[in-house]
Amino acid sequence: MPVAKDNRFRVLIAERNPLVIAALGDMLSRDSRFELAESVPTGKAFIEAASAVDPQFDIAVLGWRLSDMDSGEVLAEMQRRGLHARVVIFSNDHDISILKQCVRLGVQGFCYQFDDPAILFDTLVAVGHGRICIPYMDVSKINDTPLSRLTARERELLSVLADGWTNLQIAARTGISENTVKYHLKNLYDKLDVRNRAMAVALYASEKNRGPSLNWQ
């Protein structure tokens, strides 16, 4: 994405809290490096903005919890659609698993809402210039995720989910009831700390690791 003609980075804010939007917008307006392009409350609206032939922003600031989804789901949907945007997650949750998930899903920048605003602005500039800027973490443990602790059967279930199998197809091809499939899926989502199959498949796809064919007894 090109930088705006006046050399200011055009920033889109995706955030459900109007107070956060107002505060960020005010701070951006006082900094000559930035221009507020737009603010949206939902992941759907952000994805639509990122899908435009000529996106009207250079960098996006995404709150972790949006009105309709969280930013993990947004990043997963962007991967699915092959969309490319410079994104900085602005999280109010200090859970390290959120940071790890965002890194695995390809985010370029990550800040906490309780950090000094200068940290966010420095991160925006770095990401705007094509660099990655995230808080320190032990990168050797970036793949130390719930996926690494799944059983072989659970990995097989993820594999067929990634292949697009429905609950009914899984039940028919494995000889178990659809209710049993739903039970296994609920346990799987709980173990992965995700809410739905799209997020589970996104995490699985990020490892690019297909398990063996399904063969339940």
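I started at Trp165: Arg173 lies over the face of this ring, 4.5 Å from the ring centre. My cut-off for a charge over a ring is NZ of Lys or CZ of Arg within 6 Å of the ring centre and within 35 degrees of the ring normal.

A note on the source: this is a predicted model, where local features need pLDDT of at least 70, side-chain atom pairs count only at pLDDT 80 or more, and totals for chains, interfaces and linings use all residues. Residues are numbered from 1 along each chain as its sequence is written, and side-chain values use heavy atoms, with hydrogens and water left out.

Next I looked up aromatic pairs and found four in the whole structure. Rings of Phe, Tyr and Trp (its six-membered ring) pair if their centres lie within 6.5 Å; planes under 30 degrees apart are stacked, over 60 edge-to-face, the rest tilted. Phe34 and Phe121 make a tilted pair, at 5.2 Å centre to centre and 50° between the planes. Phe34 lies in strand β2 (residues 34–40) and Phe121 in helix α5 (residues 117–128), so the pair ties together parts 87 residues apart in sequence. Helices (H or I, at least four residues) and strands (E, at least two) are DSSP runs, numbered from the N terminus.

I checked burial too. Phe110 is buried at 2%, and Tyr112 at 7%. Phe110, Tyr112 and Phe114 form one aromatic cluster.

Key: Buried means under 20% relative accessible area, exposed over 50%, partly exposed in between (1.4 Å probe, protein chains only).
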